[in-house]
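The following report goes through a set of local features, one group at a time, with the coordinates open alongside the text. Please keep the structure in view while reading.

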Amino acid sequence: MPFNIRKVAVLGAGTMGARIAAHVANAGFPCVLLDIVPPDSAASTDKSVRNKIVTAGFEGARKSKPAAFTHADNAKLITIGNFDDDMKLIADCDWVIEAVAENLEIKRSLLQKVAAHARPDAIVTTNTSGLPVASIVAEMPPEFRKRWFGTHFFNPPRYMRLLEIIPTPDADPAAMAAVIHFGDLWMGKGIVHAKDTPNFIANRIGTYSVLNVMRLMQEMDFSIEEIDALTGTAVGWPKSATFRTIDLVGLDILGSVVSNMKRNVKDERSELQVPAFYQQMLDKKLLGDKTKGGFYKKQKGAEGDERLGIDWKTLEYRPRQKAKFAALEMARNVENTSERLRMLLGGDPAKDKAAAFLWTSLSELWTYAANRIPEISDTVVEIDRAMRMGFNWEMGPFELWDAAGVEATVARMKKEGKPVAANVEKLLAAGNKSWYQDGPGSASGKAYFDLASGNYKPVEVPQGVWSVEVAKKAAGGVVKKNAGCSLVDLGDGVGCLEFHSKMNSLGEDIVQLVTQTLKPGSSLAANFDAFVIHNDAANFSVGANIMGLLLLIQDQEWDDIDFAIRGFQGMTQAIKFSPKPVVAAPFGMALGGGCEISLHAAARNPHIELYMGLVEVGVGLLPGGGGCKEMTLRAVDAATSIRPDGRGESVEMMEAMKKAFEAIAMAKVSTSADEARGLGFVNKADHITFNRDRVLTDAKNFALSFVREGYKPPVMRTDVPAPGENILATLKLGVHLMRQGEFITDYEVKIGNKVAEVICGGSVSPGTPVSEQYLLDLEREGFKSLCGEKKTQERIAYTLKTGKPLRN
């Protein structure tokens, strides 16, 4: 590429700017972060005083929750300074991102400084969400305007995948391609091309939707809790729904976006505005989480924190009220979002208040979105992608429309006298009934109705963006399948083991197919050279099916429990000793058994957003599928690599075992793949992918690299130097001291001691050679002994009911 981005500058260290800088650092690139000198400190020569604002922004990013950095050490890649003293720091930056206040004159003044200090070929972009991008540089030289366009990030930048690219008439396509490439590969962004119109795409549609929801809430007399119940996971929108999301974002931020929309947008719904109660909340500084109170707030109660909700009619807080809709209760039993949506919309609006609200809000959303083409976007694809990645909707408005049934809903709109968008009339007049259809042969596997041509066109995706679902539609397709798992042909001699049980919990179906596929001599493996373990769900796996385990415990089926553990261990050993290399590609939650599967693979290629941990102690157990054994091996190997003659007694062995013990006994869960590496779940040689849509491709290529290098599977070890009784005694002493300090319960002492016994190889002399099978047997017996404890049963039952661990 003519532009190669290796160093970035962010100008403006506010909430957004500091966190953009943090995410650049997460990708491993140095970043300069600058902001103004405090107005009252202009005469000061003290650099710490002059950098007070940028330091506050940087520290805010370091301490933010959720974390802005994927690892605390990444903050070292950021150099801070101010606009008066340190503009020279941008001289070797390839990309400069302007993220200062939404004030035209402030931006223009700053850009004059940028032009004086930046390289002539440096790309300069704006993160504005309110000002026309081209107008900001209208007075700048043509050469500067060529390297200028909009890059609109969403907050928080690490977690919100959307990056809207807003070209200007003068923008160099090569400069935009460089930023798109960097944003895609290194920042994990989903790119959407937007037009230079007010609020671009996602905020234009999202702001309309929020304002309309608030209008309907008042007209139909709903509470904020009822609206959040109706606009959350029930329709495939985030759990935070409407008002909890506003609290997270900030009422003032939404207010600013609405003000910009009111000033600059004239469309058929321009009468929508923030309601009077919302303005009163702004006046009272009830801005959400940042002011400890918005639509909801927490307060200390007799039984800990309790969340209060606001009564929008009086602006007084009262205990949060549970929404009660019979339709929603029934819909919870329907896992598929499309089916659930049709069920909810199918209610009688005269009798079902929830159905009436959803029908009105969604039908008006569909019409509004359809009327925005070609104003804000030329295709339905860009709008849907923007809403999925910018607002975390499971489906964009046109995908939701397809799920509800375009033909039927338009007929209902007409029957009720509602306005119908000309664009949907065009779709139906062409004899079509949906915005999307299967697109065999296309990289996305989908085609969309192109309003400009009146034909379906393939949904284009960048090279390397891929999914298991698309792979299933290719020539090899699904080789074998059961209720919980599928073996999918990815082409080029690579197979994919895909989990598709509820929450990808690991049950007998998954254990059977994985073992059957990977065991030596398997006929299923005959046509493959390598394997990947991956799926398209929100989470890799939440672990073993503990409901099934609880039933076996309650029925005292100890032989069946032993058989199940042996089967699970057999699966993880089949993964580790497979004659063909296996690459695990975890993402999201990879807990308990999901973590154990990854630990046993030849390598891992995780997504950067990885919540991985051996969490079994939370339900009163210890890892039983080989997790304890693998953590022991990692600790032993780490210690002996430093001191080969230390065997089981060195300081290095003690430190390595302490780290492994804490990871298991404290149920530590990483908040990123970087942290998982620090915890020992991911190795230094493993690859980490930033873009979730590229994980499958990267994992496949990683697996093929083992094939090209001539993969030789490991052999089960028989000479592992056991850490032994001395380290075991030290770990048990640590457990005792934790109890003395009242940090853990009596039962947690029992669990902790059992974990220590298993990972140390029992009470044997330090350095005693033991086999992997010996460690597995210890692990299995330790797991079974805890299954028989009443408190373990209580913990499992509580977790199944609440989704939280019990401290008993």
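## Surroundings of Glu772

Apart from its neighbours within four places in sequence, Glu772 is in contact with Gln573, Lys576, Phe577, Lys629, Glu630, Leu633, Val715, Met716 and Arg717. The model is a predicted one, and the distances and accessibilities given below are to be read as computed from it. Within this model, Glu772 belongs to helix H31, which covers residues 772–787, and with a relative accessibility of 1% Glu772 counts as buried.

One of the residues in contact with Glu772 is Lys629, and here the two side chains make a polar contact at 3.3 Å.

## The Asn199 loop and helix H8

Asn199 is placed in the loop that connects strand S8 (190–193) with helix H8 (202–220). Asn199 is buried, its relative accessible area being 1%, and beyond its neighbours within four places in sequence its contacts are Ser129, Arg204, Thr207, Val257, Asn260 and Met261. Of these contacts, Met261 is 62 residues from Asn199 in sequence, while the C-alpha atoms of the two are 6.8 Å apart in space. For Val257, the side chain of Asn199 reaches the backbone oxygen at 3.4 Å.

When neighbours within four places in sequence are left aside, Asn212 is in contact with Arg269, Leu272, Ser361 and Glu364.

## Annotated domains

An unreviewed UniProt entry carries the annotation "domain: 3-hydroxyacyl-CoA dehydrogenase NAD binding" for residues 7–196. In the model this span is 34% helix and 19% strand, and the C-alpha atoms at the ends of residues 7–196 are 27 Å apart.

The annotation "domain: Enoyl-CoA hydratase/isomerase", likewise from an unreviewed UniProt entry, covers residues 497–628. Residues 497–628 are 37% helix and 15% strand, with the end C-alpha atoms 24 Å apart.

How many of the six residues of strand S17 (residues 494–499) are buried? Six of the six are buried, and the strand is accordingly described as mostly covered. Both faces of S17 are covered, with Val494, Cys496 and Glu498 buried on one side and Gly495, Leu497 and Phe499 buried on the other.

Strand S17 pairs with strand S16 (residues 485–489) in the antiparallel sense over five bridges, and among the paired positions Cys485 has Phe499 in S17 as its bridge partner. The hairpin made by S16 and S17 has four residues between the strands, and within this hairpin Gly491 takes a positive phi near 85°. With strand S18 (residues 530–533), by contrast, S17 runs parallel, the two being joined by four bridges; Val494 stands opposite Ala530 in S18.

## An antiparallel sheet of three strands

A separate entry in this survey is an open sheet formed by three strands in the order S12-S13-S14, with antiparallel pairing. Its edge strands, each pairing on one side only, are strand S12 (436–438) and strand S14 (455–458). On average, and with direction ignored, neighbouring strands of this sheet are turned by 35° against each other.

Strand S12 is joined by three bridges to strand S13 (residues 446–450), the two running antiparallel. Across this pairing, Asp438 stands opposite Lys446 in S13.

## Cysteines and an exposed alanine

The structure holds zero disulfides. Cys93 takes part in none, and the nearest cysteine sulfur, which belongs to Cys31, is 7.3 Å away; Cys93 is also buried, with a relative accessible area of 0%. Cys595 is buried, with a relative accessible area of 0%.

Is Ala408, at 54% relative accessibility, buried or exposed? Ala408 counts as exposed because its relative accessibility of 54% is over the 50% cut-off. This alanine is placed in helix H18 (residues 406–415), and Ala408 and Gly493, 85 residues apart in sequence, are 45 Å apart in space from C-alpha to C-alpha.

How values were computed
Residues numbered from 1 in each chain as written. Predicted model: local features only at pLDDT ≥ 70, side-chain atom pairs only at ≥ 80, totals over all residues. Heavy atoms only, no water. Buried < 20%, exposed > 50% of the residue type's maximum accessible area, 1.4 Å probe, protein only. Contact = heavy atoms within 4.5 Å. Polar contact = N/O pair within 3.5 Å; in protein donor to acceptor, adjacent residues only side chain to side chain. UniProt positions renumbered as here; feature names shortened; annotations may be inferred. Pairing = 2+ DSSP bridges. Axes fitted to C-alpha atoms, helices over the stretch in contact; angles between N-to-C directions. Disulfide = S-S within 2.5 Å.
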